[in-house]
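Welcome to my notebook. I looked things up one by one and wrote down what I found.

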Amino acid sequence: MTVPDQPTQVGRRVVVRYRRPAGSHPPLTDVVGVVTAVDDDALVVEATAGPVRVGQADFVVVRAVPPPPVRRGRPHTAISTVDLERLMADGWRAVEEEWLGDWMLRASSGFTGRGNSVLPLGDPGTSIETAVGHVEEWYAARRLPTQVHLDLPASGEAADDPLGTVLVDRGYTVVTPTVVMTGASSDIDPLRDGAAPVHVSASLEPAWLAAYERQRSTLAGVTEQLLTGSSGQLFLSTTDRSGSITGVARVSVHPGWAGLQALWVDPTQRGRGLGRTVLHAAGLLARQRRMPSVFLQVEAANDAAIGLYESEGFRVHHTYAYLRR
C-alpha cells in the first residue's frame with residue numbers, strides 16, 4: 001500500500017493503523033503521535049511511549065487527528081502552545097522545510113515571516129548556542145536574514161526566555177509582536193440578513209490572488225505555493241456591484257480546527273462590516289465542516305482587528321514575536 005502524502009507529512013499528528021507480525025493477536029494495532037520522519041520504506045511516529053517505526057508494507061490506514069487537550073476546557077482553550085504552533089505551521093507550509101531536532105527551519109525566498117523563520121517546538125538535539133549557529137549558517141546559505149519565532153513568556157520580554165536570552169546577547173532584535181487568538185466556531189455569529197454575499201472556492205482563483213496582492217508584496221510562484229500548500233484550504237471573497245473584489249480571507253482546513261488567514265478589506269470599503277461578514281462566513285464553513293475550533297494570528301498593534309475578533313468570541317491564547325539578526 002502506498003503511504004498517503006498529506007497525512008504523513010513531518011510535523012502532523014496522526015493515527016496509524018498497521019499490521020502486527022504474523023501470529024500476533026490482535027492482528028492490527030494503532031499508534032497515535034506526531035510524524036517525525038518519512039521515507040520510502042516507513043514512517044516514524046513519536047508516541048507517548050516513544051518512537052514507533054511502521055513499515056510501508058504494514059500500513060492499513062493513516063489519518064490526521066486533532067492535538068490532544070492539555071487542560072480542562074473547550075478544545076480551543078485546552079490546546080498547548082506547542083501543539084497550536086504546530087497546527088498553525090501546518091496551515092502555512094513553507095517552500096523549504098528542514099528539521100533540527102524539534103526546530104523547524106523554514107524558507108520561502110523571503111515571502112512572509114512564517115515562511116522564513118525558525119519555529120522552535122522543543123529540543124534541537126544540541127545546545128541552544130550550537131543550534132543557533134547552525135540556523136544562522138542555514139539561512140546565510142539561502143541569502144536570507146536569520147529570523148526566529150519566539151513564544152513570549154508571561155513578562156512579554158524575550159530576554160526572560162532561555163532561547164531569547166541567547167538571541168538578544170547575539171544582537172537579535174524583536175520585531176512584529178503577534179497575538180494568537182482562538183475561538184469556537186459555534187460562538188461566531190451567523191451571517192446577517194442583507195449581508196454581502198461571500199464567494200467560496202477550494203482553488204486559488206486569479207481574482208482572489210490579485211486582491212491579495214493589493215495588501216502586500218508577493219513573489220510569483222512562491223506566493224501561490226504557500227497559499228495552496230496546506231492539506232486543505234478555502235478562499236473567501238466579497239465583491240461590489242461591478243464584480244470587483246472588496247474583501248478576502250483564506251481558511252486552512254485541519255482535523256477539528258480551522259485557521260483564518262489573510263483577512264483583508266479594500267480600504268475604500270472599510271466601515272461597512274465586510275470584515276465581519278467574511279468572518280461570519282468563515283465561522284459557518286467551520287461549523288459545516290465539523291471544525292469546532294478556530295485559530296488566527298494578528299499583529300499586537302492592530303487594535304481594530306483584535307476588537308473585531310474579541311466581539312466574535314475570540315480570546316488571546318499566547319503571544320509571539322520574531323527575533324531578527
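**Entry: a loop and a cis bond**

I began with proline 26, which I found in the loop between strand S1 (13-19) and strand S2 (28-38). For the names, helices (H or I, at least four residues) and strands (E, at least two) are DSSP runs, numbered from the N terminus. The peptide bond that leads from histidine 25 to proline 26 is cis, and its omega is near -5°.

A note on the source: this is a predicted model, with residues numbered from 1 along each chain as its sequence is written. Local features need pLDDT of at least 70, side-chain atom pairs count only at pLDDT 80 or more, totals for chains, interfaces and linings use all residues, and side-chain values use heavy atoms, with hydrogens and water left out.

Next I looked up threonine 176, whose place is in strand S10. Its phi is near 55°, a positive value in a residue other than glycine.

Then I turned to leucine 152, in the loop between strand S9 (147-151) and H4. Which residues does leucine 152 touch, not counting residues up to four places away in sequence? I noted Ala158, Thr319, Tyr320 and Ala321, where contact means heavy atoms within 4.5 Å. I also noted that leucine 152 and proline 177 are 25 residues apart in sequence, and that 8.9 Å separates them in space, C-alpha to C-alpha.

**Entry: two helix pairs**

Two packed helices are described by the angle between their axes and the distance between the axes. Here axes are lines fitted to C-alpha atoms, for helices over the stretch in contact, and angles run from 0 to 180 degrees between N-to-C directions.

H3 passes H4 in a right-handed crossing. A crossing is right-handed if the near helix is turned clockwise from the far one by less than a right angle, and left-handed if anticlockwise. Where they meet, H3 brings Ile128, Glu129 and Val132, and H4 brings Pro162, Leu163, Val166 and Leu167. This contact of H3 with H4 divides into 6 nonpolar, no polar and 1 charged residues. In this count Ala, Val, Leu, Ile, Met, Phe, Trp, Tyr, Cys and Pro are nonpolar, Asp, Glu, Lys and Arg are charged, and the others, Gly among them, are polar.

My other pair was helix H7 (residues 274-288) and helix H8 (residues 303-311), with axes that come within 11 Å and cross at roughly 45°. H7 and H8 are therefore oblique to each other, and H7 passes H8 in a right-handed crossing. I found Gly275, Arg276 and Leu279 of H7 meeting Leu308, Tyr309 and Ser311 of H8. By class, that contact has 3 nonpolar, 2 polar and 1 charged residues.

**Entry: empty space**

Rolling a probe the size of a water molecule over the atoms shows where empty space is left. On a 1 Å grid over the protein atoms alone, a cavity is a set of points where a 1.4 Å probe fits but cannot get out, and a pocket is an open set with protein on both sides within 12 Å along at least five of seven lines; lining residues have an atom within 4 Å of a point. Grid points are joined across faces, edges and corners, and a volume is the space filled by probe spheres set on the points.

The largest pocket has a volume of about 1,200 Å³. It is lined by 40 residues, and the closest to its centre are Gln215, Leu263, Gln297, Val298 and Glu299. Which strand gives the most to this lining of the largest pocket? I found that S14 does, with 6 residues. The lining of the largest pocket divides into 18 nonpolar, 15 polar and 7 charged residues.

I also counted 2 cavities of 30 Å³ or more. The largest cavity has a volume of about 60 Å³, and its lining includes Trp92, His149 and Tyr322. Helix H2 (residues 81-90) supplies the largest share of that lining, 3 residues.

Methods
Parallel < 35°, antiparallel > 145°, perpendicular 65-115°, else oblique.
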